[in-house]
Amino acid sequence: MADKTADQSENAEPPRESGGPVPRVRLRHFSRSLPMLLLRARESVMKHFRNSLRMYDLTEQQWRILRALMTVKEIEVTELARATFLLGPSLSRILRDLEARQLIERHPDENDLRRARITISAAGLDLIEKVSPHSEEIYAEITRAFGAERMREMQKLLEDLEAVMADIQLPLAAGKGEPSDDREE
């Protein structure tokens, strides 16, 4: 392989259309980026819950839906998608599976028959009762290992970050237009 000249070195700035160098943006190391730190932390936590859920033939998305349904009497599908951070097509498939297992019930919306309202069934509540002790055991172990005070602090910081991010207005890249909501309704 031929030696690179000074103009072709890895550190050389690529030329701009105007002929001058393009300034390089110095990115933080990939492993220190906030999205990656959050994803790695989530994965390290979820691997323990996934093992527990497998014993009951549940996916983490199915569990997320059942847990969300425990907090409401009933919920419209679009609201459930927002609450569980699931896209419409995925949610539809998961709801079909949960309904086939008789863990949820689907009822037509009284005000709009095109929409459905979802409730957890008695069988779904029974399943929650069986899985909950395992889930709480995992929480207790995480809290023991991480520390109760640090756990409370981390939960508060994550809630604060979510609130701040909801209010933050980041500038758009030139020519990109308005940001879009990639989440399906």
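My entries follow, starting with the ground rules.

**Ground rules.** I am working with a predicted model, where local features need pLDDT of at least 70, side-chain atom pairs count only at pLDDT 80 or more, and totals for chains, interfaces and linings use all residues. Residues are numbered from 1 along each chain as its sequence is written, and side-chain values use heavy atoms, with hydrogens and water left out.

**Overall fold.** I looked up the secondary structure and got six helices and three strands. Here helices (H or I, at least four residues) and strands (E, at least two) are DSSP runs, numbered from the N terminus. Along the sequence the order reads α-α-β-α-α-β-β-α-α. Next I checked burial: 24% of the 185 residues count as buried. My cut-offs are under 20% relative accessible area for buried, over 50% for exposed, and partly exposed in between, with a 1.4 Å probe and protein chains only. For contacts, meaning heavy atoms within 4.5 Å, I looked at pairs with a separation of 6 or more, and residues 24 or more positions apart make up 48% of them.

**Largest pocket.** How much space lies in the largest pocket? I get about 1,900 Å³. Of its 33 lining residues, R42, V45, M46, Y139 and L158 are the closest to the centre. For the record, the search runs on a 1 Å grid over the protein atoms alone; a pocket is an open set of points where a 1.4 Å probe fits, with protein on both sides within 12 Å along at least five of seven lines, and lining residues have an atom within 4 Å of a point. Grid points are joined across faces, edges and corners, and the volume is the space filled by probe spheres set on the points.

Which helix gives the most to the lining? That is helix 1, with 12 residues. Helix 1 (34-54), helix 2 (60-70), helix 3 (77-84), helix 5 (122-146) and helix 6 (148-167) each supply at least two residues. By type, I note 21 nonpolar, five polar and seven charged residues in the lining. The sorting counts Ala, Val, Leu, Ile, Met, Phe, Trp, Tyr, Cys and Pro as nonpolar, Asp, Glu, Lys and Arg as charged, and the others, Gly among them, as polar.

**Helix 1.** I checked its length. The 21 residues should span 30 Å at 1.5 Å a residue, and the end C-alpha atoms sit 29 Å apart, which agrees. The expected span is 1.5 Å times one less than the number of residues. Helix 1 also bends by about 30 degrees at M46, taken as the angle between axes fitted to the seven residues ending there and the seven starting there. Its buried residues are M46, F49, R50, S52 and L53, and their cover includes helix 2 and helix 5.

Is S52 buried or exposed? S52 is buried, at 7% relative accessible area. Leaving aside neighbours within four places in sequence, S52 is in contact with H134 and I138. S135, in helix 5, is buried too, at 8%.

R42 belongs to helix 1 and counts as partly exposed at 37%. Beyond four places in sequence, R42 touches R50, E60 and R64. R106 is in strand 2, partly exposed at 32%.

**Phi check.** Most residues other than glycine have a negative phi, so I listed exceptions. F85 has a positive phi of about 55 degrees and is not a glycine. F85 lies in the loop between helix 3 and helix 4 (88-100) and is exposed at 60%. Q102, also not a glycine, has a positive phi near 60 degrees. The loop between helix 4 and strand 2 (104-108) holds Q102, which is exposed at 58%.
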